[in-house]
Amino acid sequence: MKKEIGLLKAESTGLRSMQPEWRQDDVHSMWGIIEARPMLRAQEATADFYVEKGEVEKAIEGYEYLLHYNPNDNQGIRFKLMTLYLEQRQVKKARELLEKYPEDHTVDFYYAEVLIEILEGSSYKDIKELLDRAFEANLYVMGFITGRTDLPEEIPDQYTPGSLEEATVYYHRHKHIWESVKLP
């Protein structure tokens, strides 16, 4: 409770310090306004707190708000939001998020495409092309998904795209989702 109050106060202070026209400008990213960044970071911390607390709808609302005011997503919110959408089986919203960032060529989004199709009941034949793209992004992830590779307990601090370390980070964050679906 104390942490939540502190986060909400930080968020409120940030909002009050902003000029009114910044809050009404839906055209440009607020990230470009240096003075707005502490408020955006406080809002992210608040949404993260709601995830930890299990208040997923509040977290989703917070992340969606952040993407509205920071559409370029300089904070990486889309990845957190995609995870929540998939956890909550909000397939339509997950697909819309993919469409909003079509140039996002990350392991998170390639495997999210596969998960969306699995959740919609697609067959292996129907998702083979998506799987091939996901494999190209990071083949190691599939070893974790199928159980052929043991998942390291320690999460690496850094990684390069396509590496075992990237797969480890990805799978630690998404293991519970993959374990809850039936592979085609």
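Analyst: Axes here are lines fitted to C-alpha atoms, for helices over the stretch in contact, and angles run from 0 to 180 degrees between N-to-C directions. Helices (H or I, at least four residues) and strands (E, at least two) are DSSP runs, numbered from the N terminus. The model is predicted: local features need pLDDT of at least 70, side-chain atom pairs count only at pLDDT 80 or more, and totals for chains, interfaces and linings use all residues. Residues are numbered from 1 along each chain as its sequence is written, and side-chain values use heavy atoms, with hydrogens and water left out.

The part examined is helix 7, residues 107-119. The chain around it has 10 helices and zero strands.

Helix 6 (residues 91-100) packs on helix 7 at an angle of about 150°, and the two axes are 10 Å apart. Helix 6 and helix 7 are therefore roughly antiparallel (angles under 35 degrees count as roughly parallel, over 145 as roughly antiparallel, 65 to 115 as roughly perpendicular and the rest as oblique). Their crossing is left-handed, that is, the near helix is turned anticlockwise from the far one by less than a right angle; clockwise would be right-handed. On the helix 6 side the contact (heavy atoms within 4.5 Å) is made by Val91, Ala94, Arg95, Leu97 and Leu98, and on the helix 7 side by Phe109, Glu113, Ile116, Glu117 and Leu119. These residues divide into seven nonpolar, no polar and three charged. Ala, Val, Leu, Ile, Met, Phe, Trp, Tyr, Cys and Pro count as nonpolar, Asp, Glu, Lys and Arg as charged, and the others, Gly among them, as polar.

Lys92 also lies in helix 6. Its C-alpha atom is separated by 8.8 Å from that of Ile116, 24 residues away along the chain. Lys92 is exposed, with a relative accessible area of 66% (buried means under 20%, exposed over 50%, partly exposed in between, with a 1.4 Å probe and protein chains only).

The other partner described here is helix 5 (residues 77-87), whose axis comes within 11 Å of that of helix 7 and crosses it at roughly 15°. That makes helix 5 roughly parallel to helix 7. The crossing of helix 5 and helix 7 is left-handed. Arg78, Phe79, Met82 and Leu86 of helix 5 meet Asp108, Phe109, Ala112, Leu115, Ile116 and Leu119 of helix 7. The residues of this contact divide into eight nonpolar, no polar and two charged.
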